Amino acid sequence: MATANKVTVIPCGAMSADLTWLLLKPGKSITDRNHKDGPAPWVDVPTHCVLVETDEGKVLWDTSCPSDWEDRWAPTGLQDFFPYDKVSDDEYLDARLTQLGVGLDEIDYVILSHLHFDHAGNAQMFKKTNAKLVCHEREKDFAFNFEGPFNGAHLKADYEGLDFQTVSGDTEFLPGITLIETPGHTVGTMSMQVDLPDTGTMIFTSDAVYMGESFGPPATPAAIVNNLEDFYKSVEKLRGIQEKTNATMVFGHDAEQIHQLRVAPEGSYT
């Protein structure tokens, strides 16, 4: 079996948000009668990217949020619901890549799990590089063809003017990297499976699964789901792959898990 060489999880600080956006769960975001007057808790919503090194090139998975988020998101109102306010200057993506000694010109592919504002927020950084931008076919069709500057968390300013290659179906993309169709959160959300020689299999779920509590079992949905039936199917699809490969699951926005992983700039997986 072909394997990748190295995986580096790149933490990029955190947004803050009402937990209900991420988890519709009794006792967590859904309160009982003894707490009916209290609001749902606000929690950290960490954001990360992933650098995968293979014999056939370097891949950056997702691009996190932009440093100009307050202005960029102003037309949408998202800055009031998901303020990117738990981030320092050395945690923005460009600073993280500098810390890793990785120039933009060294990245061969930028794969976007989907084109929401907190995953495609720095895609424009690669406009004048040789990096090939990749997303799912259905995601591109939706993201470029709605009217107006934004639709929900899709913000055209993040990705307009960029040329995307597309994939569909489950795709063996490079040695050790498989892109997995996991719609539900959006029409074209993907997860990424990476097979490594020492660590074994890692699955980066992106927003197909927000957090460990979302994964369950049983799977727990969220307020931001485009198609609930697809969401459940995708979670169970990932669970099947995880059980077959004994994969390490890395969830999209898990505030506890991000502190348990080996992360950039010091840590990596091989």
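**Reading pockets and cysteines**

Me: Which kinds of residue line the second largest pocket, by nonpolar, polar and charged?

Reply: Its lining divides into six nonpolar residues, four polar and five charged. Keep in mind that this is a predicted model.

Me: How does one look for empty space in the first place?

Reply: A probe the size of a water molecule is rolled over the atoms, and that shows where empty space is left. Here, the second largest pocket holds about 270 Å³ of space. Lining this pocket are 15 residues, and M211, E213, D254, A255 and E256 are the closest to its centre. Two elements, β2 (42–54) and α5 (212–215), each give two or more residues to that lining.

Me: And what is the volume of the largest pocket?

Reply: The largest pocket has a volume of about 360 Å³. Its lining has 24 residues, with H116, G152, A153, H185 and I224 the closest to the centre. By kind, the lining of the largest pocket has 14 nonpolar residues, eight polar and two charged.

Me: Let's turn to cysteines. How many disulfides does a search of the whole structure find?

Reply: First the idea: a disulfide is a covalent bond between the sulfur atoms of two cysteines. The search of the whole structure finds zero disulfides. Take C49: its nearest cysteine sulfur belongs to C12 and is 4.0 Å away, while a disulfide needs the two sulfur atoms within 2.5 Å. For C135, also in no disulfide, the nearest cysteine sulfur is that of C49, 16 Å away.

Me: Is C135 buried or exposed?

Reply: C135 counts as buried because its relative accessibility is 0%, and buried means under 20%. C49 is buried too, at 0% relative accessibility.

Definitions and conventions. Residues numbered from 1 in each chain as written. Predicted model: local features only at pLDDT ≥ 70, side-chain atom pairs only at ≥ 80, totals over all residues. Heavy atoms only, no water. 1 Å grid on protein atoms, 1.4 Å probe; cavity = no way out; pocket = protein on both sides within 12 Å on 5 of 7 lines; lining within 4 Å. Points joined across faces, edges and corners; volume = space filled by probe spheres on them. Nonpolar A, V, L, I, M, F, W, Y, C, P; charged D, E, K, R; others polar. Helix = DSSP H or I, 4+ residues; strand = E, 2+ residues; numbered from the N terminus. Buried < 20%, exposed > 50% of the residue type's maximum accessible area, 1.4 Å probe, protein only.
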